[in-house]
Amino acid sequence: MTAQALLGILLTATAVLGTVVALTRDPARQALVLSAYGLVLGVLMVALQAPDVALAQIAIGTAVVPLLVVLTVAKVERELSTRQEDPEDRRRHPSGPDRRVRR
Amino acid sequence: MSRRPASRVLSLVGGVGAFVLLLAAFVQLPDLGHVTHPYGTRAVQAALGRDTANVVSSVNFDQRAFDTMGEEFVLFAAAVSAILLLRRFHDEEEDAYELRVGHHDVWSAVNLAGFALLAPTIMVGFYVVAHGAVSPGGGFQGGALLATGLHLAYLAGDYRVLRRLRPVAVFDAAEAVGAAGFVLLGLSALLVGEPFLTNWLPTGSLGDLASAGTVELFNVAVGMEVASALILLLAKFLDQALVVRGGGGE
């Protein structure tokens, strides 16, 4: 019975977080929410006795995929900010991957 | 963010339809934990017959090794295409300034966590690959752990540290060796007169590290291929995000 309750909680959390991922509009935030969703999905897979799948899900779903999205967003924002600024000027305004570009 | 009414109606109909169909399918599923699956029973028997404690690995690398070969080359092709698309074009330049970015932009707690977790994560990655035939995990999971673990070096230091730890040429070769190793290992069965991908090595005793015959060797090949493919893929993305600038036409 407790196993059923645990599965119920995890399934509900997965559904809720999945909806949050779909409703998040900003890609950089979405990558972070996707990472949290992937972690919950991984825990659900452990609860369903599929540790292999959970391991792959946590490595790929919570680490690699969100990282690829964040890097892509950083690249796009940096290129946009470079084109708006004077090319000679850009060394004084480096936009690192962790800094949000203000427009 | 305004969508046309037609697409709203379509997505609503599609969503409700998929929901109803899934619900109808779920109602007919057997109860959780109270099922003797005909395929599951036979797969476990076949796995135990070849002293493979991890039945999932037995299915992936012995009973259904051909499917796994296909999957491995799906990953190989995907990684190679992404690497090809993200190569540096002649009108793009490398900006050395960005190599220093990273170290000062993160909390020192993040530096410390990255430093503390780097070696243990790599160790766990090797462990998971090596014990692929014995305990949960295997080449794919261990390879993914190795690839993600290595990138903790970026959190611990900066991009120059990661670049030094990750010579792209080495992983280029390792990816090819991993992918080719799987096929060559499959072909090795032909030398002893068995069909392609047959588990022909002595299987040892159940639960030992050196058990399950070729299953463990397939795990190592896949681990090498997956780790290298992910490292190369992330290397191209990191280069694009941190180092390469310009290009793309004005």
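Trainee: Before I trust any of that, what kind of model is it, and how are residues, chains and ligands labelled?

Mentor: It's a predicted model, where local features need pLDDT of at least 70 and side-chain atom pairs count only at pLDDT 80 or more, while totals for chains, interfaces and linings use all residues. Residues are numbered from 1 along each chain as its sequence is written, and chains are lettered from A and ligands numbered from 1 in the order in which they are written.

Trainee: What are the ipTM and pTM?

Mentor: The ipTM is 0.77 and the pTM 0.80.

Trainee: Which elements of chain B have the lowest and highest mean pLDDT?

Mentor: Strand β1 of chain B, residues 93-94, is lowest at 71, and helix α1 of chain B, residues 5-27, is highest at 93.

Trainee: OK, switching topic: at what angle do α3 of chain A and α6 of chain B pack?

Mentor: About 30 degrees, with the axes 9 Å apart; that's residues 51-84 of chain A against 139-150 of chain B. Axes are lines fitted to C-alpha atoms, for helices over the stretch in contact, and angles run from 0 to 180 degrees between N-to-C directions. So α3(A) is roughly parallel to α6(B), a label for angles under 35 degrees.

Trainee: Which residues make that contact?

Mentor: Among them are A:A59, A:A63 and A:V64 from α3(A), and B:F140, B:A144 and B:T148 from α6(B). Contact means C-beta atoms, placed from the backbone, within 7 Å. Leaving aside neighbours within four places in sequence, B:L230 is in contact with A:V64, B:A144 and B:A147.

Trainee: Is A:Q49 buried or exposed?

Mentor: Exposed, because A:Q49 has 10 C-beta neighbours inside 10 Å. With C-beta atoms placed from the backbone, 20 or more others within 10 Å is buried, 12 or fewer exposed, and in between partly exposed.

Trainee: And what about B:D51?

Mentor: B:D51 has 21 such neighbours, so B:D51 counts as buried. Its phi is positive too, about 55 degrees.

Technical notes: pLDDT is the predictor's confidence in each residue, from 0 to 100. Helices (H or I, at least four residues) and strands (E, at least two) are DSSP runs, numbered from the N terminus. Two residues are in contact if their C-beta atoms, placed from the backbone, lie within 7 Å. Angles under 35 degrees count as roughly parallel, over 145 as roughly antiparallel, 65 to 115 as roughly perpendicular and the rest as oblique.
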